[in-house]
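Please read it beside the coordinates.

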Amino acid sequence: MRDDLILEDTTLRDGEQTPGVALSAEKKVKIFNALVDAGVRWIEPGIPTMGGEEVKALKEMLERRDEVTLIGWNRGVRSDVQKTIDLGFRAVHIGLPTSDNHLKNSVRRDRAWLLATAQDMVKMAKDQGCFVSISAEDIGRTEIEFLKEYAVAVAEAGADRLRLSDTIGILSPSQYAERVRAITGVCDIDLQAHCHNDFGLAVANTLAAIEAGVRYFHVTVNGIGERAGMADLAQVVMSLLQWYDVDLGIDTGRLTALSRLVSQACGFPSSPWQPIVGPNVFAHESGIHTTGMLRDTSTFEPFPPDRVGGERKLLVGKHSGRGVIAHALGEDGAGLEADVLDDLLREVRAEAIATGGTVPAHRLREMAGKARAAQR
């Protein structure tokens, strides 16, 4: 079991870069406070150089900087970093690409420029007493030998952490782990996983990176972020508890509420089957499942819903059986004969198909009332 892992949330930086999302200062601060109250102790809250409303929110968040480490994100520009430090950040992140693709097409520079700039900016921030994190962006298309050279260079300059950004999410878990091990073989700088979800592997890659030796890792609430998003906070937290016996100090009972808060703020509802926190995660409809659940709730749930602030629901619909119908009706179903229950079940299935969903409780009671009257 590892006790050195550090979860860093970037919902308010990379997460807010989700296309179509623009959070007001009020919403950002509300999410920030919810994260801190849930036990998150490292947060990347935004980009100081944006100014205006962004700085207003960041100033308010900085009032809690004795409770949480706040990482100010910056482009690889000296003036950006200085502005972040002047604003009151004690930790800064410097974003720089390492792949030839990004060097050529994004910043239009070469490797020599990158190495010199990275070392210069690290030293600048370290001279002012900051914790310094720096990126190797687009590691999926960065030659491993150059990635090692870059890691050694920023470590020698005094960087506290190297962020390994799979910027377009193209690595498999084994490929991500390979890059982590390559770097740990040449220097002892702390590493951070930053995994995008373009192939649905952000959580798996994060776990693989942890197994390979990273200390820090990025997550966002609901996995929001650019394109297909990032590693989801709830999924990584619960995975670490389930398989690695690692407790990060997160109040898991707040995970569902946190998910809903971010969904509402962003204007994008969570998928019903969003792992851990989705509304369908603890909902059961099929006859076999509900029968098992009525006998033992562990039959079809990996953990009880209250562990993550969720709610168990036994629903009546096309796939239901007599048992869950009787359970849902309670006293209203008392005395219904077996053949009447059979008729009611057929009606329930027909209505579910017609409406394309489940049968709500009030409608089920109406149908049971008619069945009882017919029975007489």
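**Note on the pocket, the strands and the cavities**

1. The lining of the largest pocket draws at least two residues from each of strand S3 (69-75), helix H4 (100-107), S5 and S6. Helices (H or I, at least four residues) and strands (E, at least two) are DSSP runs, numbered from the N terminus. H4 contributes the most to this lining, with three residues.

2. This is a predicted model, in which local features need pLDDT of at least 70 and side-chain atom pairs count only at pLDDT 80 or more, while totals for chains, interfaces and linings use all residues. Residues are numbered from 1 along each chain as its sequence is written, and side-chain values use heavy atoms, with hydrogens and water left out.

3. The volume of the largest pocket is about 420 Å³. On a 1 Å grid over the protein atoms alone, a pocket is an open set with protein on both sides within 12 Å along at least five of seven lines, a cavity is a set of points where a 1.4 Å probe fits but cannot get out, and lining residues have an atom within 4 Å of a point. Grid points are joined across faces, edges and corners, and a volume is the space filled by probe spheres set on the points.

4. Which residues lie nearest the centre of the largest pocket? They are Trp73, Gly95, Leu96, Ser106 and Glu137, out of 22 lining residues. By class, six of the lining residues are nonpolar, ten polar and six charged; Ala, Val, Leu, Ile, Met, Phe, Trp, Tyr, Cys and Pro count as nonpolar, Asp, Glu, Lys and Arg as charged, and the others, Gly among them, as polar.

5. Why is strand S6 (residues 161-166) described as largely enclosed by the rest of the structure? The description holds because six of its six residues are buried, that is, under 20% relative accessible area with a 1.4 Å probe, protein chains only. Arg161, Arg163 and Ser165 cover one face of S6, and Leu162, Leu164 and Asp166 the other.

6. S6 pairs in the parallel sense with strand S5 (residues 131-137) over five bridges, and Ser133 stands opposite Arg161. The path from S5 to S6 passes through helix H6 (residues 144-157) as a right-handed β-α-β crossover. Right-handed means that, with the strands pointing away from the viewer, the path from the first strand over the helix to the second runs clockwise.

7. S6 also pairs with strand S7 (residues 190-195), in the parallel sense and over six bridges; pairing requires at least two DSSP bridges between the strands. Asp166 stands opposite Cys195 in S7. With helix H7 (residues 173-184), S6 and S7 form a right-handed β-α-β unit.

8. There are two cavities of 30 Å³ or more. The largest holds about 50 Å³ of space, and its lining includes Thr220, Asn222, Asp232 and Val277. Helix H9 (233-244) and helix H10 (255-266) each supply at least two lining residues, with the largest share, three residues, coming from H10.

9. About 30 Å³ of space lies in the second largest cavity, whose lining includes Val237, Leu241, Asp247 and Thr252. By class, this lining has five nonpolar, two polar and one charged residues.

10. For the chain as a whole, there are 14 helices and ten strands. Buried residues make up 52% of the 376 residues.

Conventions
Buried means under 20% relative accessible area, exposed over 50%, partly exposed in between (1.4 Å probe, protein chains only).
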